Amino acid sequence: MLTLQFGQCGNQLGHSLFSQISADLDAKDTGISKQSNSAYTEQSFEKWFTGISKDGKRLARSVLVDTEHKVVNKICSESSGRWVYRSKNLVCQSGGGSANNWAYGSMIKGPQLKTDILDITRREIERTDSFNGILLLLSSAGGTGSGVGSYAVDLIRDEFPNKSIISCIVLPFSSGEVGVQNYNTLLTLAKFNETADLNFIFQNEQIHSICTNVLKNTETRLIDINDVISKKLCAVFQPVSNIWCNANYITSTVASHPSYKMATIKSTPYVPPMIKQYESSQSWKSYVEHLKETLRVSALSDPETKAPSKVSSARSSYSYWKSVSNILISRGKVMENDAVPYDQLQSKELYVDWIAPNDQLTVLNQDRRLINQDKFLALVSNNSQIHCTLEEIVEKAWNTYTHSAFLHQYKKFGLEENDFLEAFAKVENVIKDYESL
Amino acid sequence: MSSQFVTVQVGQCGNQIGAAFWPLVLHEYGVEQEDKAIKFLKTQKFYHKNSKELSSAFGSFFHVPDSRSGTDFKSISDLEYHRVKARAVLIDMEDSVVGRFHQGSLRNLFDQTCTVTNYPGSGNNWAVGYYTHGLEYHDKIENSIRLAVERCDCLHGFLVTHSVGGGTGSGLGTATLKILNDMYSHVDRFVSCVYPASTQDVITAPYNVLLATRELIEYGTCIFPAENRALQEMCNANMNKRENVDQAKYNASCVPFQDMNSIIVNSLLHLTSGSRFPGSLNVDMNELATNLVAFPQLQYIFSSVSPVALTAPQMSTLNGSTKHQDELFTNSWSKSNQLIKIDPLQTGSLIIGAAHIYRGETSLTDIKRNIERFQNKAKFTSWSKETMKIGLCSVPPAGHPSSLMCMMNSTAMSGLFRDIIHQFDRLYKKKAHVHHYLQVDNFEKEDFKDSRDKILDVYEQYKKIEQQSPSTISRLRVR
């Protein structure tokens with residue numbers, strides 16, 4: 001797996017991701033034999049790292065792309081743990097950032113960084129024996145992650161037509177982080193849905209709620225949000241006992257139909273650090289039920305932002321978002337008297353009827369604990385719920401667009417009204433496809 | 001490498017702002033000074049823990065010729081020894097203020113080559129400043145700017161300071177702005193300009209204001225207007241607060257206008273903080289226009305910094321608490337903290353873009369709560385409620401553990417343009433002093449009319465936005 005991190009958010013997220021992977025490799029409380037653990041760590045190391053630096057630190061297989069120095073300098077100098085970035089993998093130029101402007105990022109800054117991005121990506125890929133996927137980390141709000149990221153995804157697609165490209169797109173707070181975030185998000189989603197093989201969508205808003213409500217962190221910072229996203233990614237991409245499972249496998253399983261390439265990662269449990277030592281974990285059953293709740297169509301608040309309940313909920317008839325496919329990944333020991341009741345996620349009402357029952361749910365397990373946590377359960381879900389998120393963004397962007405607000409900022413860099421309309425049409429199409437599941 | 005800014009100060013007022021600017025910049029970077037006013041300003045207790053971030057951003061405002069000398073300077077003589085120069089271009093037609101720079105304790109920070117001086121001034125006539133001096137000194141100014149720019153390897157913007165009521169600042173200031181636009185059209189130009197009080201000491205001010213405003217609309221990226229009256233009131237309010245005893249001492253020992261100008265300086269330091277220092281949500285200067293200027297020509301921005309005082313007497317127990325955070329936000333929206341005497345949130349006005357830049361430690365929860373408060377308090381167009389830019393800079397200002405700058409693009413700005421036209425019409429009706437302008441080569445009578453038309457056009461754009469009805473064009477839904 002090669003990671004490319006774009007812009008401030010992408011780079012901060014990447015730093016958090018590699019810190020967690022590294023912490024996972026060093027974790028002592030594995031719950032499995034020493035031998036099995038070394039097989040796990042070896043596999044994980046090969047997936048994410050390219051070797052060991054002179055001073056004994058793991059070298060991340062990652063390319064850092066940004067249009068200003070402060071963030072990348074800071075995260076490069078901050079690698080206090082047992083891993084570092086290769087300083088040569090830094091693609092950055094001075095002379096101002098991307099102005100929070102997708103057009104500036106993708107049409108001006110992207111082409112300027114083209115040669116460097118390609119050179120370093122090629123070099124990293126040549127270093128690897130078995131290589132199957134590229135992971136792109138970015139936010140959609142600003143200019144660099146969204147714009148340069150959108151430019152780069154095309155570039156990489158052309159260069160490596162057969163590799164799986166998986167993106168992680170972080171959507172901004174709906175109350176606003178950047179004035180033109182809805183335009184930037186729209187343009188980014190239109191591009192990535194077309195070019196990448198699979199897109200994981202994360203929402204700052206929702207992750208923030210997990211931090212404050214479940215982790216009881218009243219002083220949530222951006223780094224806390226990134227840590228939650230990283231943990232979800234670890235849960236999905238760290239090795240599992242099914243050794244054939246790699247990026248290609250995940251991509252083809254989740255995005256089995258070309259019209260449906262957007263997925264979310266639900267996971268549980270999140271235990272506040274304060275009570276970690278007192279609270280023993282609950283049964284797998286309660287976690288599975290909890291994640292199943294997140295698939296429910298309900299006007300009430302998002303179940304993932306609450307702690308799993310200990311009593312199983314009354315079985316009434318709920319309606320569920322229709323899924324194209326789901327992957328359930330459990331990390332931690334599964335005992336005979338505490339099995340993972342995955343059949344709960346196989347019920348017919350969860351899936352569209354044109355997917356064969358065998359392709360609906362894939363169950364993966366890893367006995368080893370993830371970063372010392374007794375049990376952790378993640379559900380990769382490609383379901384119709386995403387259309388609500390997209391709907392909200394398109395609605396706002398369209399409203400701004402029909403008043404011609406901010407358009408001159410994009411025209412300045414060559415993005416015309418027709419380009420906007422094309423992006424609108426593309427995302428409207430995705431909405432329709434998901435809505436009609 | 002941190003982003004760099006070239007400060008261009010024109011005319012008496014512009015250079016007076018500069019005179020307040022440079023000591024405060026050095027104060028922020030922790031450079032010891034003789035200036036007796038500055039000595040009253042204290043830095044907060046934990047400020048030194050940012051020393052690394054501070055010194056690595058030193059190059060933002062200063063050119064250090066020898067990269068081996070580092071950027072951790074402690075005194076003026078340190079700076080002089082390393083031949084450090086301010087990234088500044090000083091332009092004035094009368095020698096008095098620029099002259100004071102050349103005698104003051106910071107004199108060696110300014111290059112003679114970057115000052116253009118000539119006697120006499122521009123006679124409070126925009127046309128003399130713009131055409132007569134603008135043409136005569138065009139090459140010299142261009143040269144000075146080029147010299148300053150050549151010393152930058154990461155230029156992010158020009159900070160231009162001048163007044164619009166007089167002749168030199170108003171005329172030559174806007175002529176310089178045009179030169180910047182011609183030479184470096186891709187580099188953003190942020191203008192902090194002072195509008196005269198309505199009780200004017202310059203009789204031709206309404207003409208100068210009108211003519212300069214047109215140029216500002218034409219060539220500035222973002223304009224931050226300030227009014228002497230608003231600044232004066234803020235100073236008075238500050239002096240009267242018991243907890244601001246240090247600020248009062250500072251104000252009392254200032255040269256004329258320095259106390260008022262320090263409020264503008266504070267906002268410039270805050271404005272550039274996200275570009276100079278790290279933070280979890282960086283703000284690059286070129287992001288501001290993208291976020292605040294929704295339509296061409298509507299680039300006049302309300303700005304306010306809270307707290308207004310440059311220094312807090314002691315660590316308040318409130319600091320960092322929820323209440324303290326909320327207070328920072330509330331104060332920054334208050335009309336008494338605005339640099340002009342217009343309330344951006346007044347009834348009937350709509351916000352078409354806003355930015356909040358926070359300096360110091362905070363949590364997203366606090367920011368989120370306050371942004372929601374803002375969205376409930378202000379009125380928006382049907383599309384602008386979420387046009388909100390958030391910046392989080394981890395290095396606080398020197399005198400406080402945290403502070404907040406709020407920038408708003410509000411249709412209330414139309415009030416400023418209405419007044420400009422109104423004042424102009426009153427004077428122009430009598431054709432008073434018009435011949436002084438017509439005498440100047442290249443100045444045409446149409447200049448008045450064109451300027452008035454342009455400003456009226458901007459005024460009407462704001463009004464149109466206020467009356468805009470929600471869009472009825474339906475989406476491209478796929479059925």
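Strand β10 (262-268) of chain A joins strand β13 (residues 376-383) of chain A through five bridges. The two strands run antiparallel. In this pairing, A:T264 stands opposite A:S381 of β13(A). This is a predicted model.

β10(A) also pairs with strand β9 (residues 198-203) of chain A. Here the sense is parallel, and there are two bridges. One residue pair can be picked out: A:F200 has A:A263 in β10(A) as its bridge partner.

How many residues of β10(A) are buried? Seven of the seven are, so the rest of the structure largely encloses this strand.

A:I275 is partly exposed, because its relative accessibility is 33% and the buried class is kept for values under 20%.

A:I275 forms a nonpolar surface patch with A:M274 and A:Y278. Together the three residues have about 390 Å² of accessible area.

## A:N365 in strand β12

A:N365 sits in strand β12 (residues 361-366) of chain A. Which side chain does A:N365 meet in a polar contact of 2.8 Å? The partner is the side chain of A:S330.

A:S330 is also one of the contacts of A:N365 beyond its neighbours within four places in sequence.

Helix α3 of chain A covers residues 69-78. Its buried residues are A:H69, A:K70, A:V71, A:V72 and A:I75.

What do these buried residues pack against? Within chain A, the list is β1 (2-6), α1 (7-26), β4 (62-66), β5 (83-85) and β6 (90-92). Chain B contributes as well, through α11 (258-276).

## Salt bridges

There are 49 salt bridges over all chains. One of them links A:K396 to A:E392, with the closest N and O atoms 3.3 Å apart. Both residues lie in helix α12 (residues 386-402) of chain A. They are four residues apart, about one turn of the helix. A:E392 has a relative accessible area of 39%, so A:E392 counts as partly exposed.

B:E372 and B:K368 meet in a salt bridge of 3.7 Å, N to O. About one helical turn separates them, because they are four residues apart in helix α14 (residues 364-377) of chain B.

B:K74 has 48% relative accessibility and so counts as partly exposed.

Finally, salt bridges link A:E391, A:E395, A:E428, B:R475 and B:R477 in a network.

Key: Residues numbered from 1 in each chain as written. Chains lettered and ligands numbered in written order. Predicted model: local features only at pLDDT ≥ 70, side-chain atom pairs only at ≥ 80, totals over all residues. Heavy atoms only, no water. Patch = residues over 30% accessible without salt bridge, like charges linked within 9 Å, V, L, I, M, F, W, Y side chains within 5 Å. Areas by Shrake-Rupley, 256 points an atom, 1.4 Å probe, with all protein chains shown as cover. Salt bridge = Lys/Arg side-chain N within 4 Å of Asp/Glu carboxyl O. Buried < 20%, exposed > 50% of the residue type's maximum accessible area, 1.4 Å probe, protein only. Polar contact = N/O pair within 3.5 Å; in protein donor to acceptor, adjacent residues only side chain to side chain. Contact = heavy atoms within 4.5 Å. Pairing = 2+ DSSP bridges.
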